[in-house]
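Here is a short briefing on one protein structure.

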Amino acid sequence: MGKAKKTRKFGEVKRMINPKDMRLKQNQQKAVEKKDAEKIAEVRHVERESSNMFFKYNTALGPPYHVIIDTNFINFALQNKLELVRAMMDCLYAKCIPVVTDCVLAELEKLGPKYRMALRVARDPRFERLPCSHKGTYADDCIVERVMQHRCYIVATCDRDLKRRIRKVPGVPIMFIVNHKLSIERLPDAYGAPKTTHGGSSSGGGK
């Protein structure tokens, strides 16, 4: 049997690892050094605490209370047959001024004719109107941003996500609906606040 003829491969070169390959030890070391340099150069922003915060109490809060109302709070108030201004005064035993932002009104308008009663309540002349300068009509972001800038508001909402976000902002009480009446958390002196036991656990639901 004849010998097999070998064909020569042109342009054949020995395979070499790329000098920029991350498997090389020196490249791994460079990456670690770069990360450390970025950490050192990083500017850390610590949020400045409000001057009216005295330990856990917010001294900027006081009657008349300004209560920012969320979209779903108006709907739940109608379902529970609550007249907002009277119910707020029964809860806090003080004058309350409900506050509605432009984006809350815009959200109610977007929801259509099903929520026309809620829209009529939001347009009540006793309610204070807060203009919004931001883009879009997402009310939750607007409310959180506003209470972070000015700690003189109570936030009225039944939305779990918004409650969770507001709890991260110190000194801002949250008003919610429980057992067909209004209750408030993080304002211990209020009449409608959940009663706390000696163990520190609160009996008020709806959190």
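A crossing of two helices is called right-handed if the near helix is turned clockwise from the far one by less than a right angle, and left-handed if anticlockwise. By this rule, helices H6 and H7 cross in a right-handed way. The model is predicted.

**The helix pair**

- Helix H6 covers residues 139-149 and helix H7 covers residues 160-167; the two pack at an angle of about 20 degrees.
- Their axes lie 10 Å apart.
- Because angles under 35 degrees count as roughly parallel, H6 is roughly parallel to H7.
- On the H6 side, the contact is made by Asp 140, Asp 141, Ile 143, Val 144 and Val 147.
- On the H7 side, these meet Leu 162, Arg 165 and Ile 166.
- Five of the residues in this contact are nonpolar, three are charged and none is polar.

- Most residues other than glycine have a negative phi, and most peptide bonds are trans.
- The bond joining Pro 63 and Pro 64 is a cis peptide bond, with omega about -5 degrees.
- Pro 64 sits in the loop between strand S2 (57-58) and strand S3 (65-69).

**The loop between S7 and S8**

- Asn 179 is found in the loop between strand S7 (174-178) and strand S8 (181-185), and His 180 lies in the loop between S7 and S8 too.
- Asn 179 is not a glycine, yet its phi is positive, at about 55 degrees.
- His 180 is also a residue other than glycine with a positive phi, near 60 degrees.
- Asn 179 counts as exposed because its relative accessibility is 66%, and exposed means over 50%.
- His 180 is exposed as well, with a relative accessible area of 59%.

Technical notes. Residues are numbered from 1 along each chain as its sequence is written. This is a predicted model: local features need pLDDT of at least 70, side-chain atom pairs count only at pLDDT 80 or more; totals for chains, interfaces and linings use all residues. Side-chain values use heavy atoms; hydrogens and water are left out. Axes are lines fitted to C-alpha atoms, for helices over the stretch in contact, and angles run from 0 to 180 degrees between N-to-C directions. Helices (H or I, at least four residues) and strands (E, at least two) are DSSP runs, numbered from the N terminus. Angles under 35 degrees count as roughly parallel, over 145 as roughly antiparallel, 65 to 115 as roughly perpendicular and the rest as oblique. Contact means heavy atoms within 4.5 Å. Ala, Val, Leu, Ile, Met, Phe, Trp, Tyr, Cys and Pro count as nonpolar, Asp, Glu, Lys and Arg as charged, and the others, Gly among them, as polar. Buried means under 20% relative accessible area, exposed over 50%, partly exposed in between (1.4 Å probe, protein chains only).
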